[in-house]
Amino acid sequence: MKQMRQETIRRIISLVLLVVLTIIFTLTTDTFLSWDNITSMLREAAFIGIIAIGITLCIITGGNNLSGGLALGMVCMVFAHLYHYTSMSLLGIVLVCLAAGLISGVFNGFVVSVLQINDFIATLSTGMIFQGITYILAVRNQYGSITSEMIKNPTIQSLGGKFSNGIYYVTIAWLIMTLIAQILLKKTKIGTYIYAMGSKRTSAEYSGISFIKIKMTVFIIAGFCSFVGAMFMLGRMGTCDVETGAALSLQAVSASVIGGAVFSGGRGDMIGTLIGVLFMQVLRNGVLKFNMTTAQQAIISGIIIVLMLVFDAYYNEFMQKRATRAAAIAREKEGR
Amino acid sequence: MSEKREVLFEMKNIEKIFSHVHALDHVNFDVRKGEVHALLGENGAGKSTLIKILTGVYKKDGGQIFMDGKEIEINSREDAANAGIAVIFQELSLIPTLSVYQNILLGKEISKFGFISDRAEKKQIQDLIDNYGFPVKATDIVETLSVAQKQMVEILKALATDAKLIIMDEPTASLSSRESELLFKIINQLREKEVSIIYISHRLEEVFNLSDRITILRDGKNAGVIEKEDIVPSEVVKMMIGKEVSESTASRELKTSNAENVLEVKNLTHLGYFNDVSFEVKKGEVLVLTGLVGSGRTEVVRSIYGADPYDSGEILFEGKPIKPTVRRSVANGFGLIPEDRRTQGFSPLLSVTKNVALTNYDKLAKSGFVKKADEDEIGKKAVSLTDLRPANPNVRVGDLSGGNQQKAVLGKWLTRDLKVILIDEPTVGIDIGAKDEIYNIIEGLAQQGVAVLMVSSDIAEVLHVAHRILVMREGRIIKEFNDGVATQEDILLASSGFVENQEVA
């Protein structure tokens, strides 16, 4: 019998988790499957999802990215700062924001690939830098204290809107970006190289694939995701403060892991991350409706992530040992 | 293969010098078109240096290389690949989570504007596979394949680049006999398609069966080239070893041969690693397990120590059955000098004293606290027992030379009351002077009555140190030399599968 691949099993587990959770909440509450609740869940999920796209790509290269949410917050604050203190045109401000998002990616990519710093530590630190910049740029009142800035620009506000059927623009943006990222991963050279780099770096490099180029690519895409997420976030909130986006990174990393991305690299895809994001959101929402506390919700997602990590850590080793034994027993029967 | 084909590849007067040592001394080597050419020699004879030169890992210090009659320079892996040279690595270089076709075409994708034409790629690779009839599919994911299949993918990868010369380095080391047969069939197919192969293996039997020619290296020099029809196994082995007169071990016969058994192993089996292993080690005896790498020697020792599990069989210590765990073994007076001292033998950032103290804290720290004076004393004791240099117990072990690092590892156990010491390849990467000192320490331990079970691949070392020798092959003990008389040839032939009077089929 051919062994099932880690990816296949993980996909099945995450789908089952999502379906089971959805069924439980549907049966136990009246409002869970209402159209209003679904569209609003998909809106919240979209913000985690957009950040998770970039993070998943980083994880597939064998890395991580803990700074995605903080970069989003920084881009939001760049917008608020220019909006409040300058008379730049909207287009100008948006372009500066785009540049800020991309530069955050280049910076991460540089630290991770050129300086060869471990992704986890590197992005933990760069995230702090992004947060520091957010505080520096924060809009202050006449006494010098940080205030949250109202963004009254109608174009930006319209980004928080929805179609007549109730689905929010941000949800559509998330799904389109997920699709594009999936095509990138599965149908292009870059995608193959991203998997190759994460799966076995030296072999990939011997095939002429550049570590620096691949790392730069995924972190710049992650920076772009932070920019897009930031624009929709401003539209959704209508304000910006120093805490915006800070919680997103960890939720997005959790979603990637639940969806099948593995920290050792080479595994995971956008469909998995989509499922992971939906799972995180259903859990969050259902828990609210269940009157469970945030603590209970955190414990549930924490336990599930640990179980997934345990599975990742031991599955391949276990299957390999089993195969060695089976081969040995077969040899004995062969009578050599 | 009686007609002589034309020469494809030639190396002339190749020289390589590592810090004043001639690793290769005017070596000549050539491969004909469609020939399987085996490269034989003992460890350190220069085989891997030669291969590294022709694949661009090392730069040669002298000599010329010709491909198809034209002189070429090989300074990098790319140069080698461009010249049509491909290596099937012992450590497979495939990407586990990608498919067969993605692996073969990695870096050379068929694409338009960056988008891969999956269909064209799959078809091209499936055609290649069908052409050779390998039992793999283009869409299989590499990590789901067996070792043998992965090797086939490596070979396909070489063929996809139109390699004219494929180097196989110990290709059967991790294959079952049935898988090996399949590989041999593939090699014969390649030969028919005019692909040349350089074949390196310690398994002489398969070398003799497969090769059209054999080049033998010894001490970095040519020791001979033999055509298939002239192969005589015992002659080949003599050329590898280079001594006409057999060296015997009669001088090391155990005087206390009626001493009691300290360690007894009965029918020990760990499926997939070793099978039905039985032997005993007497008080004051040095028993050496030898054989090829991967024959299960290290695994036996680790199971006896309790570092790995086993499935069935019995281990007796001083006549009583024991179920070893590492803690119990240490408490019973066992010590282990592991194969890879850098990762398993010592902590490089700690001093000699601290390293030695690690195995002695049961006595040093009965209350949980350690007296620095006690610790220092045991560090000094270790230094003097092993004649460690510099004679300073406060040096970090990581800063010592290889030989002195090994002495520090020995010191960890010499400072205890040892009954049994398990030693795995003690002198790998250690210079000759320090080797002798380590042999003296081992001999001294035996004289004090410690039972020594040692694993070694270095045949000269085995003969020098052992009272008794067990040869392992594919997880089983296949030969015992217990009369104190064995020669390098005997051991080499037994390890490679020629037991007693068995000749090439």
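Helices (H or I, at least four residues) and strands (E, at least two) are DSSP runs, numbered from the N terminus. The model is predicted: local features need pLDDT of at least 70, side-chain atom pairs count only at pLDDT 80 or more, and totals for chains, interfaces and linings use all residues. Residues are numbered from 1 along each chain as its sequence is written, while chains are lettered from A and ligands numbered from 1 in the order in which they are written.

Backbone geometry comes first. Most residues other than glycine have a negative phi, and most peptide bonds are trans. The peptide bond from Arg389(B) to Pro390(B) is cis, with omega near 0°. Pro390(B) lies in the loop between α14 (372-386) and α15 (402-414) of chain B. Glu170(B) is not a glycine, but its phi is positive, near 50°. This residue sits in the loop between β9 (165-169) and α6 (177-192) of chain B. Burial is counted from C-beta atoms placed from the backbone: a residue is buried if 20 or more other C-beta atoms lie within 10 Å of its own, exposed if 12 or fewer, and partly exposed in between. Glu170(B) has 17 other C-beta atoms within 10 Å, so it is partly exposed. Glu474(B), also not a glycine, has a positive phi of about 45°. Glu474(B) belongs to the loop between β21 (468-473) and β22 (476-481) of chain B. It counts as partly exposed because it has 18 C-beta neighbours inside 10 Å.

The sheets of chain B follow. Strands of a sheet pair through backbone hydrogen bonds, either parallel or antiparallel. Two strands pair here if DSSP finds at least two bridges between them. Six strands form an open sheet in the order β18-β19-β20-β15-β21-β22 (chain B), with mixed pairing. The edges are β18 (334-337) and β22 of chain B; each has a single partner strand, so one side of each is left without a neighbour in the sheet. Neighbouring strands are turned by 20° against each other on average, direction ignored. Axes are lines fitted to C-alpha atoms, for helices over the stretch in contact, and angles run from 0 to 180 degrees between N-to-C directions. Five bridges link β21(B) and β22(B) in the antiparallel sense. Ile469(B) stands opposite Phe481(B) in β22(B). Helix α18 (residues 488-495) of chain B packs on this sheet, touching β15 (286-291), β21 and β22 of chain B. Its direction makes about 25° with that of β21(B).

Another open sheet has four strands, in the order β14-β13-β16-β17 (chain B), and its pairing is antiparallel. Its edge strands, β14 (274-282) and β17 (320-322) of chain B, each pair on one side only. Six bridges join β13(B) to β14(B). Leu263(B) stands opposite Val281(B) in β14(B). In the hairpin of these strands, which has three residues between them, Gly272(B) takes a positive phi near 90°. Three bridges join β16 (residues 312-317) of chain B to β17(B). Phe317(B) faces Lys320(B) in β17(B) as its opposite residue.

Burial and contacts complete the picture. A nonpolar core is a set of buried Ala, Val, Leu, Ile, Met, Phe, Trp, Tyr and Cys residues joined through C-beta atoms within 7 Å. The largest such core has 218 residues. Val75(A), Ile166(B) and Val452(B) have the most contacts inside it. Helix α2 (residues 35-60) of chain A gives the largest share, 14 residues. Two residues are in contact if their C-beta atoms, placed from the backbone, lie within 7 Å. Beyond its neighbours within four places in sequence, Ile166(B) contacts residues including Ala86(B), Ile88(B) and Leu190(B). Met11(B) lies in strand β1 (residues 7-18) of chain B. Met11(B) counts as buried because it has 20 C-beta neighbours inside 10 Å. The contact between the chains takes 21 residues from chain B and 27 residues from chain A.
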